Amino acid sequence: MGEKIKKAIGVEGDFKTTILPMINYSYANMFLGGAGYIISMYFTIFLTDVVNISLRQAGIVVMIATVWDAVTDPVMGMITDRTRSKFGRHRKHLLFGIPVILISYSLLWNAFGINGKENPHTAMIYFIIVYMLYKTAFTIVSVPHTAMLPELAPEYNLRTQYNSVGYLFNSAGMVPAFGIAVLILGIFGSGSNITSASKTPFLVIGIVLSIFFSVSVFLTFKTTKEKPSLDMHVEPLDIKYILREYVLVFKNKSFRQYFFMSVAYQFSTGFYANSKVYYIKYLANQYSRYALFNAVAGVAEAGAFPLNYALTIKYGKQKCGNIVTPLMIAGLAIGLFMQTSNDGKWSWIFAVLMMLSMILYPFGMSGLGFVSTNIFPDLTDVDELITGRRREGVIATFSTLIKKGIAGVMAAMVGFTLQGFGLVTGDTVSEYEKATGELFAQSSSAIWGVRICVAVIPIAAALISLYLLKNFKMNKDDHTMIRAAVATKHKYGSVTLTEEEIKRCELISGQKFEKTWLGTGNSEEEHRLKKNENGKYIILIEAEEEKQELEKANQK
(Lines give C-alpha, C1' and ligand atoms only; values in the text may rest on other atoms or scores of the structure.)
Protein backbone atom coordinates (compact mmCIF):
# COMPACT_ATOMS: atom_id res chain seq x y z
CA MET A 1 0.00 0.00 0.00
CA GLY A 2 1.34 3.41 -0.93
CA GLU A 3 1.91 5.97 1.83
CA LYS A 4 -0.70 8.34 0.37
CA ILE A 5 -3.36 5.64 0.28
CA LYS A 6 -2.56 4.52 3.82
CA LYS A 7 -2.70 8.10 5.06
CA ALA A 8 -6.02 8.72 3.29
CA ILE A 9 -7.74 5.78 4.99
CA GLY A 10 -5.93 6.17 8.31
CA VAL A 11 -3.82 2.99 8.23
CA GLU A 12 -0.61 3.17 10.27
CA GLY A 13 2.44 0.90 9.89
CA ASP A 14 3.90 -1.19 7.09
CA PHE A 15 2.47 -4.39 5.62
CA LYS A 16 4.81 -6.93 7.21
CA THR A 17 4.85 -5.68 10.81
CA THR A 18 1.34 -4.20 11.11
CA ILE A 19 -1.13 -5.12 8.37
CA LEU A 20 -0.19 -8.80 7.94
CA PRO A 21 -0.55 -9.52 11.69
CA MET A 22 -4.03 -7.94 11.51
CA ILE A 23 -4.99 -10.29 8.68
CA ASN A 24 -3.55 -13.31 10.49
CA TYR A 25 -5.45 -12.47 13.69
CA SER A 26 -8.70 -11.92 11.76
CA TYR A 27 -8.96 -15.26 9.95
CA ALA A 28 -10.91 -16.63 12.94
CA ASN A 29 -13.49 -13.87 12.44
CA MET A 30 -14.75 -15.84 9.45
CA PHE A 31 -15.99 -18.41 11.97
CA LEU A 32 -17.00 -15.91 14.67
CA GLY A 33 -19.05 -13.84 12.22
CA GLY A 34 -20.18 -16.43 9.69
CA ALA A 35 -21.36 -19.26 11.95
CA GLY A 36 -23.61 -17.07 14.04
CA TYR A 37 -24.95 -15.30 10.95
CA ILE A 38 -26.27 -18.54 9.44
CA ILE A 39 -27.73 -19.54 12.81
CA SER A 40 -29.51 -16.19 13.16
CA MET A 41 -30.97 -16.58 9.66
CA TYR A 42 -32.03 -20.21 9.64
CA PHE A 43 -31.77 -22.02 12.98
CA THR A 44 -35.08 -20.96 14.56
CA ILE A 45 -37.09 -21.62 11.43
CA PHE A 46 -35.17 -24.89 10.98
CA LEU A 47 -36.37 -25.94 14.43
CA THR A 48 -39.98 -24.84 13.93
CA ASP A 49 -40.60 -25.57 10.24
CA VAL A 50 -38.23 -28.49 9.53
CA VAL A 51 -37.96 -30.32 12.86
CA ASN A 52 -41.52 -29.27 13.81
CA ILE A 53 -40.99 -28.24 17.42
CA SER A 54 -43.07 -25.37 18.77
CA LEU A 55 -41.97 -21.74 19.04
CA ARG A 56 -41.85 -22.07 22.83
CA GLN A 57 -39.64 -25.16 22.59
CA ALA A 58 -37.37 -23.43 20.09
CA GLY A 59 -37.07 -20.51 22.49
CA ILE A 60 -36.18 -22.89 25.32
CA VAL A 61 -33.49 -24.55 23.17
CA VAL A 62 -31.87 -21.20 22.43
CA MET A 63 -32.28 -19.94 26.00
CA ILE A 64 -30.65 -22.94 27.71
CA ALA A 65 -27.76 -23.09 25.23
CA THR A 66 -27.16 -19.34 25.50
CA VAL A 67 -27.21 -19.39 29.30
CA TRP A 68 -24.76 -22.30 29.15
CA ASP A 69 -22.61 -20.17 26.86
CA ALA A 70 -22.73 -17.37 29.42
CA VAL A 71 -21.69 -19.70 32.25
CA THR A 72 -18.78 -21.24 30.34
CA ASP A 73 -17.35 -17.88 29.25
CA PRO A 74 -16.00 -16.91 32.70
CA VAL A 75 -14.48 -20.36 33.09
CA MET A 76 -12.71 -19.96 29.76
CA GLY A 77 -11.62 -16.45 30.72
CA MET A 78 -10.01 -17.72 33.91
CA ILE A 79 -8.30 -20.50 31.96
CA THR A 80 -6.84 -18.16 29.34
CA ASP A 81 -5.64 -15.57 31.87
CA ARG A 82 -3.86 -18.31 33.83
CA THR A 83 -2.44 -20.36 30.93
CA ARG A 84 1.32 -20.92 30.83
CA SER A 85 2.41 -21.91 27.34
CA LYS A 86 5.12 -21.32 24.77
CA PHE A 87 2.27 -20.25 22.44
CA GLY A 88 1.10 -17.56 24.89
CA ARG A 89 -1.89 -17.37 27.19
CA HIS A 90 -4.57 -17.44 24.50
CA ARG A 91 -3.51 -18.77 21.11
CA LYS A 92 -3.22 -22.49 21.81
CA HIS A 93 -6.87 -22.71 22.87
CA LEU A 94 -7.92 -21.96 19.29
CA LEU A 95 -6.48 -25.32 18.26
CA PHE A 96 -8.53 -27.13 20.91
CA GLY A 97 -11.73 -25.59 19.55
CA ILE A 98 -11.39 -26.93 16.00
CA PRO A 99 -12.59 -30.54 16.51
CA VAL A 100 -15.50 -29.29 18.62
CA ILE A 101 -16.52 -26.93 15.79
CA LEU A 102 -16.42 -29.76 13.24
CA ILE A 103 -18.62 -32.04 15.33
CA SER A 104 -21.08 -29.55 16.80
CA TYR A 105 -21.85 -27.47 13.70
CA SER A 106 -22.54 -30.62 11.68
CA LEU A 107 -24.88 -32.02 14.33
CA LEU A 108 -26.64 -28.67 14.73
CA TRP A 109 -28.36 -29.08 11.36
CA ASN A 110 -29.09 -32.82 11.57
CA ALA A 111 -32.15 -34.12 13.44
CA PHE A 112 -31.37 -37.81 12.65
CA GLY A 113 -34.99 -38.26 11.55
CA ILE A 114 -36.49 -37.02 14.83
CA ASN A 115 -39.83 -35.30 14.24
CA GLY A 116 -40.79 -32.69 16.79
CA LYS A 117 -44.47 -33.24 16.21
CA GLU A 118 -44.23 -36.94 17.10
CA ASN A 119 -41.44 -36.70 19.71
CA PRO A 120 -41.38 -33.07 20.88
CA HIS A 121 -39.42 -33.61 24.09
CA THR A 122 -36.82 -35.88 22.45
CA ALA A 123 -36.26 -33.33 19.68
CA MET A 124 -35.99 -30.46 22.13
CA ILE A 125 -33.51 -32.27 24.41
CA TYR A 126 -31.38 -33.35 21.44
CA PHE A 127 -31.06 -29.79 20.12
CA ILE A 128 -30.40 -28.38 23.59
CA ILE A 129 -27.41 -30.76 23.94
CA VAL A 130 -26.10 -30.13 20.42
CA TYR A 131 -26.53 -26.36 20.64
CA MET A 132 -24.74 -26.36 24.01
CA LEU A 133 -21.88 -28.26 22.38
CA TYR A 134 -21.68 -25.65 19.60
CA LYS A 135 -21.76 -22.83 22.15
CA THR A 136 -18.88 -24.54 23.96
CA ALA A 137 -16.89 -24.59 20.71
CA PHE A 138 -17.65 -20.92 20.18
CA THR A 139 -16.49 -20.09 23.72
CA ILE A 140 -13.23 -22.02 23.36
CA VAL A 141 -12.38 -19.89 20.32
CA SER A 142 -14.03 -16.52 20.94
CA VAL A 143 -12.87 -15.84 24.51
CA PRO A 144 -9.11 -16.28 23.94
CA HIS A 145 -9.38 -14.60 20.53
CA THR A 146 -11.02 -11.51 22.06
CA ALA A 147 -8.70 -11.48 25.09
CA MET A 148 -5.64 -11.63 22.83
CA LEU A 149 -6.40 -8.32 21.07
CA PRO A 150 -5.33 -5.79 23.78
CA GLU A 151 -1.96 -7.53 23.94
CA LEU A 152 -1.46 -7.65 20.16
CA ALA A 153 -2.68 -4.07 19.65
CA PRO A 154 -1.95 -1.88 22.69
CA GLU A 155 -2.43 1.50 20.94
CA TYR A 156 -5.84 3.26 20.67
CA ASN A 157 -6.10 3.59 16.87
CA LEU A 158 -4.24 0.36 16.22
CA ARG A 159 -7.04 -1.50 17.99
CA THR A 160 -9.55 0.20 15.73
CA GLN A 161 -7.55 -1.00 12.73
CA TYR A 162 -7.46 -4.58 14.07
CA ASN A 163 -11.20 -4.50 14.70
CA SER A 164 -11.80 -2.99 11.28
CA VAL A 165 -9.91 -5.78 9.54
CA GLY A 166 -11.78 -8.24 11.77
CA TYR A 167 -15.03 -6.62 10.67
CA LEU A 168 -14.10 -7.22 7.04
CA PHE A 169 -13.29 -10.84 7.82
CA ASN A 170 -16.67 -11.18 9.54
CA SER A 171 -18.15 -10.33 6.15
CA ALA A 172 -15.66 -12.70 4.51
CA GLY A 173 -17.22 -15.44 6.63
CA MET A 174 -20.83 -14.31 6.32
CA VAL A 175 -20.95 -13.82 2.55
CA PRO A 176 -19.62 -17.23 1.40
CA ALA A 177 -21.49 -19.00 4.23
CA PHE A 178 -24.72 -17.35 3.12
CA GLY A 179 -23.92 -18.15 -0.52
CA ILE A 180 -23.27 -21.80 0.33
CA ALA A 181 -26.53 -22.04 2.28
CA VAL A 182 -28.62 -20.43 -0.46
CA LEU A 183 -26.96 -22.54 -3.17
CA ILE A 184 -27.52 -25.82 -1.34
CA LEU A 185 -31.12 -24.95 -0.48
CA GLY A 186 -31.69 -24.05 -4.14
CA ILE A 187 -30.15 -27.27 -5.42
CA PHE A 188 -32.42 -29.35 -3.19
CA GLY A 189 -35.50 -27.26 -4.03
CA SER A 190 -35.92 -25.59 -0.63
CA GLY A 191 -35.01 -22.07 -1.68
CA SER A 192 -38.56 -20.74 -1.99
CA ASN A 193 -39.90 -22.32 1.18
CA ILE A 194 -38.52 -24.25 4.14
CA THR A 195 -40.60 -27.24 5.24
CA SER A 196 -40.18 -30.62 6.93
CA ALA A 197 -38.87 -31.89 3.57
CA SER A 198 -35.76 -29.64 3.88
CA LYS A 199 -33.75 -31.95 6.17
CA THR A 200 -31.15 -33.05 3.59
CA PRO A 201 -30.03 -29.58 2.42
CA PHE A 202 -29.55 -28.42 6.02
CA LEU A 203 -27.47 -31.52 6.79
CA VAL A 204 -25.20 -30.73 3.81
CA ILE A 205 -24.99 -27.07 4.87
CA GLY A 206 -23.86 -28.09 8.34
CA ILE A 207 -21.10 -30.39 7.10
CA VAL A 208 -19.72 -27.98 4.48
CA LEU A 209 -19.74 -24.95 6.78
CA SER A 210 -18.19 -26.82 9.72
CA ILE A 211 -15.12 -27.50 7.53
CA PHE A 212 -15.02 -23.94 6.21
CA PHE A 213 -15.14 -22.40 9.71
CA SER A 214 -12.60 -24.83 11.18
CA VAL A 215 -10.05 -23.92 8.51
CA SER A 216 -10.40 -20.22 9.34
CA VAL A 217 -9.69 -20.83 13.04
CA PHE A 218 -6.66 -22.99 12.21
CA LEU A 219 -5.22 -20.21 10.03
CA THR A 220 -5.33 -17.78 12.95
CA PHE A 221 -3.67 -20.29 15.26
CA LYS A 222 -0.97 -21.04 12.70
CA THR A 223 -0.11 -17.48 11.68
CA THR A 224 -0.67 -15.32 14.78
CA LYS A 225 2.24 -14.73 17.14
CA GLU A 226 1.80 -14.19 20.87
CA LYS A 227 4.42 -13.77 23.59
CA PRO A 228 5.16 -16.97 25.59
CA SER A 229 3.63 -17.06 29.07
CA LEU A 230 5.72 -19.83 30.66
CA ASP A 231 7.18 -17.46 33.28
CA MET A 232 3.86 -15.85 34.21
CA HIS A 233 2.96 -15.67 37.91
CA VAL A 234 -0.44 -17.20 38.74
CA GLU A 235 -2.27 -16.61 42.02
CA PRO A 236 -3.96 -19.55 43.82
CA LEU A 237 -7.49 -20.11 42.51
CA ASP A 238 -10.42 -20.33 44.95
CA ILE A 239 -13.99 -19.06 45.23
CA LYS A 240 -12.97 -15.94 47.16
CA TYR A 241 -10.43 -15.06 44.49
CA ILE A 242 -12.97 -15.55 41.67
CA LEU A 243 -15.63 -13.40 43.37
CA ARG A 244 -13.11 -10.65 44.07
CA GLU A 245 -12.02 -10.64 40.43
CA TYR A 246 -15.54 -10.06 39.15
CA VAL A 247 -16.46 -7.49 41.79
CA LEU A 248 -13.43 -5.48 40.70
CA VAL A 249 -14.61 -5.49 37.07
CA PHE A 250 -17.84 -3.64 37.86
CA LYS A 251 -16.04 -0.97 39.88
CA ASN A 252 -14.79 0.34 36.53
CA LYS A 253 -17.16 3.19 35.54
CA SER A 254 -16.20 3.00 31.86
CA PHE A 255 -16.99 -0.71 31.90
CA ARG A 256 -20.39 -0.07 33.49
CA GLN A 257 -21.23 2.50 30.80
CA TYR A 258 -20.11 0.14 28.04
CA PHE A 259 -21.93 -2.78 29.61
CA PHE A 260 -25.38 -1.21 29.88
CA MET A 261 -25.05 0.38 26.45
CA SER A 262 -24.17 -2.96 24.85
CA VAL A 263 -26.94 -4.79 26.75
CA ALA A 264 -29.52 -2.36 25.35
CA TYR A 265 -27.99 -2.78 21.88
CA GLN A 266 -28.18 -6.55 22.26
CA PHE A 267 -31.85 -6.36 23.25
CA SER A 268 -32.53 -4.39 20.08
CA THR A 269 -30.64 -6.62 17.68
CA GLY A 270 -31.61 -9.84 19.49
CA PHE A 271 -35.35 -9.29 19.34
CA TYR A 272 -35.06 -8.29 15.70
CA ALA A 273 -32.84 -11.24 14.73
CA ASN A 274 -35.03 -13.83 16.49
CA SER A 275 -38.20 -12.61 14.79
CA LYS A 276 -36.88 -11.37 11.42
CA VAL A 277 -37.69 -14.52 9.46
CA TYR A 278 -41.27 -14.49 10.73
CA TYR A 279 -41.44 -10.77 9.88
CA ILE A 280 -40.57 -11.47 6.26
CA LYS A 281 -42.54 -14.70 5.96
CA TYR A 282 -45.77 -13.86 7.76
CA LEU A 283 -46.06 -10.12 8.38
CA ALA A 284 -44.82 -9.01 4.95
CA ASN A 285 -45.60 -12.26 3.07
CA GLN A 286 -42.39 -11.88 1.06
CA TYR A 287 -40.48 -15.06 1.91
CA SER A 288 -39.72 -15.66 -1.79
CA ARG A 289 -37.34 -12.69 -1.50
CA TYR A 290 -35.77 -13.86 1.77
CA ALA A 291 -32.36 -14.62 0.25
CA LEU A 292 -32.39 -11.35 -1.69
CA PHE A 293 -33.28 -9.32 1.40
CA ASN A 294 -30.47 -10.91 3.41
CA ALA A 295 -27.98 -10.35 0.60
CA VAL A 296 -28.96 -6.67 0.43
CA ALA A 297 -28.72 -6.39 4.23
CA GLY A 298 -25.23 -7.89 4.17
CA VAL A 299 -24.09 -5.45 1.49
CA ALA A 300 -25.61 -2.52 3.43
CA GLU A 301 -23.84 -3.51 6.65
CA ALA A 302 -20.52 -3.95 4.86
CA GLY A 303 -21.10 -0.68 2.97
CA ALA A 304 -21.33 1.20 6.25
CA PHE A 305 -17.83 0.11 7.26
CA PRO A 306 -15.83 2.81 5.39
CA LEU A 307 -17.98 5.55 6.94
CA ASN A 308 -17.75 4.05 10.43
CA TYR A 309 -14.00 3.64 10.13
CA ALA A 310 -13.42 7.17 8.82
CA LEU A 311 -15.58 8.73 11.54
CA THR A 312 -13.81 6.68 14.22
CA ILE A 313 -10.31 7.58 13.09
CA LYS A 314 -11.10 11.28 12.69
CA TYR A 315 -13.53 11.98 15.54
CA GLY A 316 -13.16 9.13 18.04
CA LYS A 317 -14.79 5.79 18.72
CA GLN A 318 -18.25 7.08 19.70
CA LYS A 319 -18.98 9.30 16.69
CA CYS A 320 -20.14 6.71 14.17
CA GLY A 321 -22.70 5.36 16.63
CA ASN A 322 -24.15 8.81 17.24
CA ILE A 323 -24.44 9.55 13.52
CA VAL A 324 -25.69 6.33 11.91
CA THR A 325 -27.85 4.77 14.66
CA PRO A 326 -30.90 6.91 13.70
CA LEU A 327 -30.86 5.04 10.38
CA MET A 328 -31.17 1.77 12.30
CA ILE A 329 -34.21 3.15 14.15
CA ALA A 330 -35.74 4.33 10.84
CA GLY A 331 -35.29 0.84 9.37
CA LEU A 332 -36.97 -0.74 12.40
CA ALA A 333 -39.83 1.77 12.25
CA ILE A 334 -40.87 0.43 8.83
CA GLY A 335 -41.96 -2.74 10.63
CA LEU A 336 -44.61 -0.67 12.44
CA PHE A 337 -46.37 0.04 9.14
CA MET A 338 -45.60 -3.08 7.08
CA GLN A 339 -48.71 -4.87 5.79
CA THR A 340 -49.55 -8.00 3.83
CA SER A 341 -51.27 -7.03 0.60
CA ASN A 342 -52.56 -9.12 -2.30
CA ASP A 343 -53.19 -5.97 -4.33
CA GLY A 344 -50.55 -5.69 -7.05
CA LYS A 345 -49.84 -1.99 -6.55
CA TRP A 346 -49.65 -2.10 -2.75
CA SER A 347 -47.73 -5.36 -2.80
CA TRP A 348 -45.04 -3.68 -4.90
CA ILE A 349 -44.91 -0.66 -2.58
CA PHE A 350 -44.53 -2.83 0.53
CA ALA A 351 -41.80 -4.84 -1.22
CA VAL A 352 -39.90 -1.58 -1.78
CA LEU A 353 -40.43 -0.57 1.86
CA MET A 354 -39.10 -3.94 3.00
CA MET A 355 -36.05 -3.50 0.81
CA LEU A 356 -35.51 -0.03 2.29
CA SER A 357 -35.75 -1.53 5.77
CA MET A 358 -33.15 -4.17 4.82
CA ILE A 359 -30.80 -1.30 3.87
CA LEU A 360 -31.41 1.20 6.69
CA TYR A 361 -31.43 -1.23 9.63
CA PRO A 362 -28.09 -3.02 9.02
CA PHE A 363 -26.38 0.20 7.89
CA GLY A 364 -27.43 1.96 11.09
CA MET A 365 -26.92 -1.08 13.32
CA SER A 366 -23.30 -1.33 12.24
CA GLY A 367 -22.54 2.01 13.92
CA LEU A 368 -23.39 0.90 17.46
CA GLY A 369 -21.79 -2.47 16.77
CA PHE A 370 -18.58 -0.81 15.59
CA VAL A 371 -18.52 1.43 18.67
CA SER A 372 -19.04 -1.48 21.05
CA THR A 373 -16.31 -3.57 19.42
CA ASN A 374 -13.77 -0.74 19.45
CA ILE A 375 -14.44 0.52 22.97
CA PHE A 376 -14.12 -2.87 24.62
CA PRO A 377 -10.30 -3.40 24.40
CA ASP A 378 -9.70 0.01 26.03
CA LEU A 379 -11.59 -1.09 29.14
CA THR A 380 -8.69 -3.39 30.05
CA ASP A 381 -6.40 -0.37 30.38
CA VAL A 382 -8.85 1.39 32.70
CA ASP A 383 -9.06 -1.83 34.70
CA GLU A 384 -5.26 -1.89 34.95
CA LEU A 385 -5.38 1.68 36.26
CA ILE A 386 -7.60 0.38 39.08
CA THR A 387 -6.02 -3.03 39.79
CA GLY A 388 -2.48 -2.87 38.38
CA ARG A 389 -3.01 -6.12 36.47
CA ARG A 390 -3.89 -7.22 32.93
CA ARG A 391 -7.21 -9.10 33.12
CA GLU A 392 -8.48 -9.27 29.54
CA GLY A 393 -10.13 -12.66 29.96
CA VAL A 394 -11.93 -11.78 33.18
CA ILE A 395 -13.28 -8.52 31.77
CA ALA A 396 -14.41 -10.10 28.51
CA THR A 397 -16.17 -12.99 30.18
CA PHE A 398 -17.85 -10.99 32.92
CA SER A 399 -19.44 -8.89 30.21
CA THR A 400 -20.54 -11.89 28.16
CA LEU A 401 -21.75 -13.79 31.25
CA ILE A 402 -24.48 -11.24 31.88
CA LYS A 403 -25.20 -10.29 28.28
CA LYS A 404 -25.49 -13.86 27.05
CA GLY A 405 -27.65 -14.78 30.01
CA ILE A 406 -29.96 -11.93 29.01
CA ALA A 407 -29.79 -13.03 25.36
CA GLY A 408 -30.88 -16.53 26.30
CA VAL A 409 -33.87 -15.29 28.24
CA MET A 410 -34.64 -12.88 25.41
CA ALA A 411 -34.69 -15.69 22.83
CA ALA A 412 -37.20 -17.57 24.95
CA MET A 413 -39.22 -14.37 25.38
CA VAL A 414 -39.49 -14.00 21.59
CA GLY A 415 -40.69 -17.59 21.18
CA PHE A 416 -43.20 -17.33 24.03
CA THR A 417 -44.41 -13.91 22.82
CA LEU A 418 -44.97 -15.05 19.24
CA GLN A 419 -46.73 -18.23 20.27
CA GLY A 420 -48.70 -16.34 22.92
CA PHE A 421 -50.01 -14.00 20.23
CA GLY A 422 -51.04 -17.04 18.19
CA LEU A 423 -48.32 -17.42 15.54
CA VAL A 424 -48.43 -20.92 14.02
CA THR A 425 -45.38 -22.65 12.49
CA GLY A 426 -44.24 -25.95 10.99
CA ASP A 427 -46.80 -28.38 9.56
CA THR A 428 -49.52 -26.49 11.45
CA VAL A 429 -49.06 -23.62 8.98
CA SER A 430 -50.16 -25.84 6.10
CA GLU A 431 -53.33 -26.74 7.97
CA TYR A 432 -54.00 -23.08 8.74
CA GLU A 433 -53.38 -22.11 5.12
CA LYS A 434 -55.85 -24.73 3.91
CA ALA A 435 -58.48 -23.43 6.30
CA THR A 436 -58.05 -19.80 5.22
CA GLY A 437 -57.08 -20.34 1.59
CA GLU A 438 -54.11 -17.94 1.92
CA LEU A 439 -50.39 -18.69 1.65
CA PHE A 440 -48.48 -18.11 4.91
CA ALA A 441 -51.72 -16.99 6.57
CA GLN A 442 -51.69 -15.85 10.22
CA SER A 443 -54.24 -14.24 12.53
CA SER A 444 -54.22 -10.47 13.12
CA SER A 445 -53.14 -11.13 16.71
CA ALA A 446 -50.14 -13.16 15.53
CA ILE A 447 -49.15 -10.36 13.13
CA TRP A 448 -49.17 -7.89 16.01
CA GLY A 449 -46.95 -10.24 18.00
CA VAL A 450 -44.42 -10.21 15.17
CA ARG A 451 -44.66 -6.41 14.93
CA ILE A 452 -43.94 -5.99 18.63
CA CYS A 453 -40.89 -8.29 18.51
CA VAL A 454 -39.44 -6.94 15.27
CA ALA A 455 -40.08 -3.21 15.72
CA VAL A 456 -41.55 -1.91 19.00
CA ILE A 457 -39.08 -3.49 21.45
CA PRO A 458 -35.99 -3.09 19.18
CA ILE A 459 -36.72 0.64 18.68
CA ALA A 460 -37.06 1.27 22.42
CA ALA A 461 -33.82 -0.62 23.18
CA ALA A 462 -31.89 1.16 20.40
CA LEU A 463 -32.94 4.57 21.77
CA ILE A 464 -31.72 3.59 25.23
CA SER A 465 -28.38 2.39 23.84
CA LEU A 466 -27.93 5.61 21.88
CA TYR A 467 -28.63 7.69 25.00
CA LEU A 468 -26.08 5.72 27.03
CA LEU A 469 -23.47 6.08 24.28
CA LYS A 470 -23.63 9.86 24.58
CA ASN A 471 -22.51 9.58 28.23
CA PHE A 472 -19.34 7.57 27.45
CA LYS A 473 -16.44 10.00 28.04
CA MET A 474 -13.08 8.33 27.30
CA ASN A 475 -11.32 9.58 24.16
CA LYS A 476 -7.97 8.86 22.50
CA ASP A 477 -5.99 11.39 24.59
CA ASP A 478 -7.47 9.98 27.81
CA HIS A 479 -6.58 6.44 26.78
CA THR A 480 -3.01 7.36 25.85
CA MET A 481 -2.57 9.26 29.12
CA ILE A 482 -3.79 6.24 31.12
CA ARG A 483 -1.44 3.88 29.29
CA ALA A 484 1.48 6.28 29.79
CA ALA A 485 0.68 6.56 33.52
CA VAL A 486 0.37 2.78 33.92
CA ALA A 487 3.67 2.19 32.07
CA THR A 488 5.43 4.79 34.24
CA LYS A 489 4.09 3.21 37.42
CA HIS A 490 5.23 -0.26 36.32
CA LYS A 491 8.72 1.06 35.50
CA TYR A 492 9.39 3.21 38.56
CA GLY A 493 6.86 1.95 41.08
CA SER A 494 5.50 5.47 41.28
CA VAL A 495 3.85 8.08 39.05
CA THR A 496 3.09 11.79 39.47
CA LEU A 497 0.06 13.24 37.68
CA THR A 498 -1.24 16.78 37.32
CA GLU A 499 -4.56 17.80 38.87
CA GLU A 500 -6.21 17.68 35.44
CA GLU A 501 -4.83 14.18 34.73
CA ILE A 502 -6.07 12.96 38.12
CA LYS A 503 -9.56 14.37 37.41
CA ARG A 504 -9.67 12.56 34.06
CA CYS A 505 -8.61 9.27 35.68
CA GLU A 506 -11.35 9.66 38.30
CA LEU A 507 -14.00 10.55 35.70
CA ILE A 508 -13.15 7.55 33.53
CA SER A 509 -12.59 4.98 36.28
CA GLY A 510 -15.33 6.17 38.63
CA GLN A 511 -12.87 5.76 41.53
CA LYS A 512 -11.12 8.23 43.81
CA PHE A 513 -7.56 8.37 42.52
CA GLU A 514 -6.03 7.53 45.89
CA LYS A 515 -8.06 4.29 46.00
CA THR A 516 -6.74 3.00 42.65
CA TRP A 517 -3.53 1.06 42.08
CA LEU A 518 -2.23 4.03 40.11
CA GLY A 519 -2.78 6.39 43.05
CA THR A 520 -1.46 4.20 45.88
CA GLY A 521 2.09 3.48 47.03
CA ASN A 522 3.62 6.47 45.23
CA SER A 523 6.88 7.85 46.61
CA GLU A 524 7.77 11.51 47.08
CA GLU A 525 10.12 11.25 44.10
CA GLU A 526 8.39 12.70 41.06
CA HIS A 527 7.90 10.66 37.91
CA ARG A 528 5.80 12.85 35.65
CA LEU A 529 4.40 11.75 32.30
CA LYS A 530 6.53 12.68 29.32
CA LYS A 531 5.29 14.18 26.05
CA ASN A 532 6.83 14.45 22.59
CA GLU A 533 7.27 17.59 20.50
CA ASN A 534 3.65 17.33 19.35
CA GLY A 535 2.32 17.30 22.90
CA LYS A 536 1.42 13.60 22.80
CA TYR A 537 2.07 11.34 25.77
CA ILE A 538 5.07 9.01 25.51
CA ILE A 539 4.49 5.45 26.69
CA LEU A 540 7.85 4.39 28.16
CA ILE A 541 7.68 0.67 27.43
CA GLU A 542 6.82 1.23 23.78
CA ALA A 543 9.46 3.94 23.42
CA GLU A 544 12.12 1.59 24.82
CA GLU A 545 11.00 -1.26 22.54
CA GLU A 546 11.15 1.04 19.50
CA LYS A 547 14.64 2.17 20.54
CA GLN A 548 15.82 -1.45 20.87
CA GLU A 549 14.36 -2.36 17.47
CA LEU A 550 16.05 0.65 15.89
CA GLU A 551 19.41 -0.31 17.44
CA LYS A 552 19.05 -3.88 16.13
CA ALA A 553 18.22 -2.56 12.68
CA ASN A 554 21.28 -0.27 12.71
CA GLN A 555 23.52 -3.15 13.78
CA LYS A 556 22.28 -5.23 10.84
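# Close-up views of a predicted model

View 1. Leu95, Phe96, Leu102, Ile103, Leu133, Ile207, Ile211, Val215, Phe218 and Leu219 together make a nonpolar surface patch of about 820 Å². Please keep in mind, here and in every view below, that the model is predicted. Two or more residues of the nonpolar patch come from each of helix 5 (92–107) and helix 8 (199–223). Helix 8 makes the top contribution to the nonpolar patch, giving 5 residues. Leucine 133, also named in the patch, has its place in helix 6 (residues 120–152). With a relative accessibility of 32%, leucine 133 is classed as partly exposed.

View 2. Phenylalanine 31 is buried at 0% relative accessibility. Phenylalanine 138 has a relative accessible area of 17%, and it counts as buried because the limit for that class is under 20%.

**View 3. A stacked pair with a tryptophan.** Here the rings of tryptophan 109 and phenylalanine 202 have centres 5.7 Å apart and planes at 15 degrees, so the pair is stacked. Tryptophan 109 sits in the loop between helix 5 and helix 6, while phenylalanine 202 is part of helix 8, so the pair ties together parts that are 93 residues apart in sequence. Are tryptophan 109 and phenylalanine 202 buried or exposed? Both residues, tryptophan 109 and phenylalanine 202, are buried.

**View 4. Lysines over tyrosine rings.** Take a look at two places where a lysine meets an aromatic face. Lysine 491 lies over the face of tyrosine 492, with 5.6 Å to the ring centre. Over the ring of tyrosine 537 sits the charged end of lysine 531, at 4.8 Å from the centre of that ring.

**View 5. A salt bridge between a loop and helix 6.** The structure holds 11 salt bridges. One of them joins arginine 89 to glutamate 151, and the closest N and O atoms are 3.4 Å apart. Arginine 89 is found in the loop between helix 4 (55–81) and helix 5, and glutamate 151 in helix 6; the pair links distant parts of the chain, 62 residues apart. Which of these residues is buried, and which is partly exposed? Arginine 89 is buried, at 10% relative accessibility, whereas glutamate 151 is partly exposed, at 27%.

**View 6. A network of salt bridges.** Salt bridges link Arg159, Lys317, Asp378, Asp381, Glu384 and Arg390 into a network. Within this group, lysine 317 forms a salt bridge with aspartate 378, where the closest N and O atoms are 2.6 Å apart. The two residues come from distant parts of the chain, 61 residues apart: lysine 317 from the loop between helix 12 (305–315) and helix 13, aspartate 378 from helix 14 (residues 344–387). Lysine 317 is buried, at 1% relative accessibility, and aspartate 378 is buried as well, at 2% relative accessible area. Aspartate 381 is buried, having a relative accessible area of 5%. Arginine 390, by contrast, is partly exposed, at 28% relative accessibility.

View 7. How many disulfides does the structure contain? The count is 0 disulfides, the rule being a pair of cysteine sulfur atoms within 2.5 Å. Cysteine 320 has its place in helix 13 (residues 319–337) and is buried, at 0% relative accessibility. Glycine 364 is 44 residues from cysteine 320 in sequence, with the C-alpha atoms of the two residues 9.2 Å apart in space. Cysteine 453 is likewise buried, with a relative accessible area of 0%. Cysteine 505 is buried too, at 1% relative accessibility.

Key. Residues are numbered from 1 along each chain as its sequence is written. This is a predicted model: local features need pLDDT of at least 70, side-chain atom pairs count only at pLDDT 80 or more; totals for chains, interfaces and linings use all residues. Side-chain values use heavy atoms; hydrogens and water are left out. Patches are made of residues with over 30% relative accessible area and no salt bridge: like charges are joined within 9 Å, nonpolar side chains (Val, Leu, Ile, Met, Phe, Trp, Tyr) within 5 Å. Accessible areas come from the Shrake-Rupley method with a 1.4 Å probe; for residues, only the protein chains shown count as cover. A salt bridge is a side-chain nitrogen of Lys or Arg within 4 Å of a carboxyl oxygen of Asp or Glu. Helices (H or I, at least four residues) and strands (E, at least two) are DSSP runs, numbered from the N terminus. Buried means under 20% relative accessible area, exposed over 50%, partly exposed in between (1.4 Å probe, protein chains only). Rings of Phe, Tyr and Trp (its six-membered ring) pair if their centres lie within 6.5 Å; planes under 30 degrees apart count as stacked, over 60 as edge-to-face and the rest as tilted. A charge sits over a ring if NZ of Lys or CZ of Arg is within 6 Å of the ring centre and within 35 degrees of the ring normal.
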